[in-house]
Amino acid sequence: MRIVLLLPVLLSAMLAAAHFCRSGIVALALLSFLLPGLLFYRKPISVRIMQVFLVLAAAEWGRTLLKFIQVYQDNGLSWHRLAVILGSVLICTAASALVFRSKTLRSHYNMTEE
């Protein structure tokens, strides 16, 4: 059950890794790829680090979305489909930080009620 709950986190991290790799930022791509391994460490700090990463990754998707909308508009292209796709990735990445609020994962990572 835990792996099913963690799938959105893993997918978000891999999409971020692919994004950074395509952008030529190898260090961030490698970090994005390796950071989910931190989840094998069953402490609350590993969850907090992953949540911060996911929020920052969502912010990067937002920055990318705004940048590409500007490029599309400057070239007279329709940007609406782009906005739906990248907006969906942004929302899913941000929402994946919330999976750690589930009772199963709170128990697994020894997190107290907040």
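In which helix is valine 4 found? The structure is a predicted model, in which local features need pLDDT of at least 70 and side-chain atom pairs count only at pLDDT 80 or more, while totals for chains, interfaces and linings use all residues. Residues are numbered from 1 along each chain as its sequence is written, and side-chain values use heavy atoms, with hydrogens and water left out.

Valine 4 lies in helix 1, which spans residues 2–23. The protein contains five helices and zero strands (DSSP runs numbered from the N terminus, helices being H or I of at least four residues and strands E of at least two), in the order α-α-α-α-α along the sequence. Its C-alpha atoms fill a box of roughly 50 × 25 × 20 Å along the principal axes.

Of the 114 residues, 38% are buried, whereas valine 4 is exposed, with a relative accessible area of 51% (buried means under 20% relative accessible area, exposed over 50% and partly exposed in between, with a 1.4 Å probe and protein chains only). Among contacts (heavy atoms within 4.5 Å) between residues at least 6 apart in sequence, 61% join residues at least 24 apart.

The accessible surface of the protein comes to about 7,300 Å², and 70% of this area belongs to carbon and sulfur atoms (Shrake-Rupley method, 1.4 Å probe; for residues, only the protein chains shown count as cover). The mean positions of the 11 positive and 4 negative charges are 9 Å apart; Lys and Arg count as positive and Asp and Glu as negative, without His and the chain ends, and each charge is placed at NZ of Lys, CZ of Arg, CG of Asp or CD of Glu.
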